[in-house]
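Here is a short report on one protein model. Look at the structure first, then read on.

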Amino acid sequence: MEYVTLNNGVKMPILGYGVYQIADQEECEKCVLDAISVGYRSIDTAQAYRNEEAVGRAIQKSGVPRDEFFITTKVWISNAGYEKAKASIEESLRKLQLEYLDLVLIHQPFNDYYGTYRAMEELYKTGKIKAIGVSNFYQDRYIDLVQFSEVVPAINQVETHVFNQQTEAHEIMKKYNTQIESWGPFAEGKNDLFTNATLQEVGQKYNKSTAQVALRFLLQRGVVVIPKTVNKNRMEENFNVFDFELTLEDMQKVAALDTGTSSFFSHYDPQTVEFLTDYGKKGL
């Protein structure tokens, strides 16, 4: 495993396992145990995924020492604000059966995320959280939070894949010393990523799959990735990306796939914001 060092000195695996959309408790527990057996130690969950308890059980059953894990969760919109966020993080700790969290992120930049961040800063200072950050914060809200908070976000987890490479956002994060982390490194298969001709051509040179090339490209750009799959063979394939390196020419070929636009949604679209905030009001 390779690691990145966050802005507070905490080391984070550059490759982790995500559990988004694995809502079934038994399936999620099995998947996390499979991922741990493959070698993953960074596990990314969220309050909104409704599977923190399954992740917690898998961690406990794995027999792997706590200090070998890097566990991330995220505070949902309905839990925003100082008091609610603080209580929700304590609840996440209970569900995950943990004494501390390695990373807590604000899931979406809506509702009272300043109050949420103050709660996270406080828990960070007490040691219950080892690092804090944000998710889905576009450059305007990200810079605003950086400028008016005490603790600079250690992470900003944003949609990042070969079709939306976030090059400008990445440079802004570097300026303020925040690590970029990718959600959706395979774009959830959109734009026929798994059969993309460029990725196939590059992969053939290294005897690697399109998925492995897509991950390797992000890793070489210093992006933390958390690919999600329920298939153990795919977990192994996604993990096996440290034994080759793309040449500059191949990096440039993949870089040319960038469209500069989201494959999913935009926070600048009023309908998207209405959908997320309406959903956020409903609670968990």
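## Buried or exposed

A residue counts as buried when its relative accessible area is under 20%, and as exposed when that area is over 50%. Lys208 has 14% relative accessibility, so Lys208 is buried. Keep in mind that this model is predicted.

## Salt bridges

Side chains of opposite charge can pair when their charged atoms come close. The structure holds 15 salt bridges.

Lys208 pairs with Asp243, with N and O 2.9 Å apart. The two residues are 35 apart and link distant parts of the chain. Lys208 sits in the loop between helix H7 and helix H8, while Asp243 sits in the loop between helix H9 and helix H10.

Glu29 forms a salt bridge with Lys61, the closest N and O atoms being 2.5 Å apart. Glu29 belongs to helix H1 and Lys61 to helix H2, so the pair ties together parts 32 residues apart in sequence. Glu29 is buried at 10%; Lys61 is exposed at 56%. A network of salt bridges links Glu29, Arg57 and Lys61.

## Two helices in contact

The axes of H2 and H3 come within 7 Å and cross at roughly 45°. The helices are therefore oblique to each other. On the H2 side, the contact uses Glu52, Glu53, Val55 and Gly56; on the H3 side, Ser92, Arg94, Lys95 and Leu96. Four of these residues are charged, two polar and two nonpolar.

Most residues other than glycine have a negative phi. Arg50 has a positive phi of about 60°, and Gln166 has one of about 55°. Arg50 lies in the loop between strand E4 and helix H2. Gln166 lies in the loop between strand E8 and helix H6.

How values were computed. Residues are numbered from 1 along each chain as its sequence is written. This is a predicted model: local features need pLDDT of at least 70, side-chain atom pairs count only at pLDDT 80 or more; totals for chains, interfaces and linings use all residues. Side-chain values use heavy atoms; hydrogens and water are left out. Helices (H or I, at least four residues) and strands (E, at least two) are DSSP runs, numbered from the N terminus. Axes are lines fitted to C-alpha atoms, for helices over the stretch in contact, and angles run from 0 to 180 degrees between N-to-C directions. Angles under 35 degrees count as roughly parallel, over 145 as roughly antiparallel, 65 to 115 as roughly perpendicular and the rest as oblique. Contact means heavy atoms within 4.5 Å. Ala, Val, Leu, Ile, Met, Phe, Trp, Tyr, Cys and Pro count as nonpolar, Asp, Glu, Lys and Arg as charged, and the others, Gly among them, as polar. A salt bridge is a side-chain nitrogen of Lys or Arg within 4 Å of a carboxyl oxygen of Asp or Glu. Buried means under 20% relative accessible area, exposed over 50%, partly exposed in between (1.4 Å probe, protein chains only).
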